[in-house]
Amino acid sequence: MNNRRENFLISSIVLIILGAMISLAVNIGMGAVVGLSGIICFVIGMSTPSEMGLSPEAVAAWTPSIERLPDAGRFMYRVDVTMDEPIYSTILCGPCGNLERVEGPKPDEYTCPECNRQLWVNEEE
Ligand SMILES: [Zn+2]
């Protein structure tokens with residue numbers, strides 16, 4: 001039932017990898033800061049007794065952040081629309097990997113029937 005420690009360890013690994021990537025792609029100073037926070041996270045994770053750590057709310061908030069695209073805060077999906085008749089769209093749900101085929105071009109909004117996540121909605125009226 002307790003995965004707080006794992007959360008710390010996972011975030012530390014993510015941060016260390018991110019740090020390495022940033023130091024290669026952006027600059028070494030920024031990468032070092034991110035990498036260091038990863039190491040600190042790792043140390044906290046390793047030394048955290050199981051009683052303390054993230055609250056259940058924080059754990060719940062953690063999960064969707066992995067599934068969402070880092071910039072848009074949306075679920076990942078992929079839509080392929082056929083070029084010729086019959087027109088249909090093939091929709092791949094990122095979070096659950098369900099592949100669905102719907103008639104016609106890309107719909108204005110779409111909710112995955114498998115996991116009930118709304119993959120997109122067209123905000124323009
Ligand atoms: Zn789904």
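Predicted model: local features only at pLDDT ≥ 70, side-chain atom pairs only at ≥ 80, totals over all residues.
Residues are numbered from 1 along each chain as its sequence is written.

Me: What makes residues 28-47 helix α2, and what span is expected of α2?
Reply: Helices are DSSP runs (H or I, at least four residues), as strands are (E, at least two), numbered from the N terminus. Helix α2 has 20 residues. The expected span is 1.5 Å times one less than the number of residues, and α2 reaches 28 Å from its first C-alpha to its last, close to the expected 28 Å.

Me: Which residues of α2 are called buried?
Reply: They are Val34, Gly35, Gly38 and Cys41. A residue is buried if 20 or more other C-beta atoms, placed from the backbone, lie within 10 Å of its own, exposed if 12 or fewer, and partly exposed in between. These four buried residues lie on the same side of α2 because they cover an arc (of directions from the helix axis to the C-beta atoms) of only 110 degrees.

Me: Which exposed residues does the face of α2 turned away from its buried side carry?
Reply: That face carries Ile28, Gly29, Val43 and Ser47.

Me: Why does Asn116 count as exposed?
Reply: Asn116 has 8 C-beta neighbours inside 10 Å, and therefore counts as exposed. Asn116 lies in the loop between β4 (109-111) and β5 (118-121).

Me: What joins Glu85 and Pro86?
Reply: A cis peptide bond does, with omega about -10 degrees. Pro86 lies in the loop between β1 (77-81) and β2 (88-93).
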